[in-house]
Amino acid sequence: MRAASPTLTRPRADDRYPSRFSHEVLISRRLDPVVWGQAGDGPLTAHQLHHYEDHGFLHFDDLLAPDEVQAGLDELQRLRADDRLKDRDEAVIEPGSRELRSVFAVHRSSAVLQGLAQHPKLVAIARQLLGSEVYIHQSRVNYKGGFRGQPFYWHSDFETWHVEDGLPAMRTVSCSIALTANTPHNGPLMLIPGSHQRFVRCLGATPEDHYKASLKQQDIGVPDEVSLTQLVQDFDITAPTGMAGSVTFFECNAMHGSSANITPLPRSNLFVVFNSVHNTPAAPFCGLPPRPNFIAEREDFSPLPHD
Ligand code: 6CS
Ligand code: FE
């Protein structure tokens with residue numbers, strides 16, 4: 001029997017960012033602050049906070065020490081060589097092959113990657129941007145191997161975390177740590193700077209167990225082409241690249257994506273999502289059961305340690 005196609009219902013009364021409820025294109029204004037902390041609260045200068053406010057991201061060329069990055073890369077190779085890993089729920093395989101695409105919740109399964117994900121320098125920046133204690137909503141490694149590493153289509157992470165995980169507000173920041181060089185050629189993160197100021201409602205409705213397909217290739221919860229064209233006309237596209245050890249913080253609602261990697265050089269990143277302890281998940285706004293805890297934390301909101 002074929003699964004019934006999902007029906008569009010009405011948004012909940014507490015839904016400040018309704019999405020996937022309609023077939024009409026709509027770009028609305030962001031309702032939350034971008035920077036929740038102050039200049040004296042952490043390592044970021046007023047200038048850096050303004051940059052984040054305006055552009056929705058901050059890039060650092062050498063935030064982490066070479067030996068810390070090398071340890072992360074060695075761990076990544078070790079995980080990749082472990083064939084049993086591919087059968088675990090946390091592993092996502094590339095569409096159409098047996099290549100590893102992502103592994104989720106690595107801050108739970110790997111002491112080395114947990115150490116990097118909770119690095120005091122990263123936690124200090126996240127706390128300052130979000131103006132509170134923080135915990136990890138999600139972590140993953142994205143392998144994007146050479147030759148056949150597949151793309152990530154344009155999306156706002158917040159749109160998914162709101163609709164499928166129930167995060168109420170835009171008080172979340174993603175952090176991408178380059179474990180190999182991210183060059184203009186090997187499918188680096190592309191961002192639409194300024195897009196975090198607008199909320200692009202997505203069309204269609206969320207299917208059940210959507211994550212099983214969306215983590216390989218996302219078709220629902222992505223912007224329509226009219227909205228995307230508008231954003232790029234208004235803000236253009238930027239791709240912050242850098243050597244292994246470079247770090248990009250980007251606002252949860254920044255529109256982003258990345259192309260395929262057909263170079264021989266893998267583009268492997270550790271991706272950590274810091275959420276404010278004041279923004280813990282409600283029931284998913286799509287009305288479906290929540291995604292598993294290894295994709296979206298909903299049990300342990302203990303604040304990350306810091307100085
Ligand atoms: O669904 C998610 O939560 C994830 N998917 C994408 C394409 N990016 C953000 C996040 O890791
Ligand atoms: Fe994303």
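This is a predicted model: local features need pLDDT of at least 70, side-chain atom pairs count only at pLDDT 80 or more; totals for chains, interfaces and linings use all residues.
Colleague: Thanks! Leaving aside neighbours within four places in sequence, which residues is His-162 in contact with?

Modeller: With those neighbours set aside, His-162 touches Asp-15, Tyr-17, Leu-167, Pro-168, Pro-284 and Phe-285. His-162 itself sits in helix 6, which covers residues 157–163.

Colleague: And why does His-162 count as buried?

Modeller: Buried means under 20% relative accessible area. His-162 has 0% relative accessibility, so it counts as buried.

Colleague: On to the cysteines. How many disulfides does a search of the whole structure find?

Modeller: The search returns zero disulfides. Take Cys-175: its nearest cysteine sulfur belongs to Cys-252 and is 14 Å away, whereas a disulfide needs the two sulfur atoms within 2.5 Å.

Colleague: Why are Cys-175 and Cys-202 called buried?

Modeller: The same cut-off of under 20% applies. Cys-175 is buried because its relative accessible area is 0%, and Cys-202 is buried because its value is 3%.

Colleague: Lastly, what makes strand 6 mostly covered, and which way do strand 6 and strand 11 run?

Modeller: Strand 6, residues 152–156, has four of its five residues buried. Strand 6 and strand 11 (residues 255–258) run antiparallel, joined by three bridges, where at least two are needed for pairing. Within this arrangement, Ser-156 faces Met-255 of strand 11.

Technical notes
Residues are numbered from 1 along each chain as its sequence is written. Chains are lettered from A and ligands numbered from 1 in the order in which they are written. Side-chain values use heavy atoms; hydrogens and water are left out. Buried means under 20% relative accessible area, exposed over 50%, partly exposed in between (1.4 Å probe, protein chains only). Helices (H or I, at least four residues) and strands (E, at least two) are DSSP runs, numbered from the N terminus. Contact means heavy atoms within 4.5 Å.
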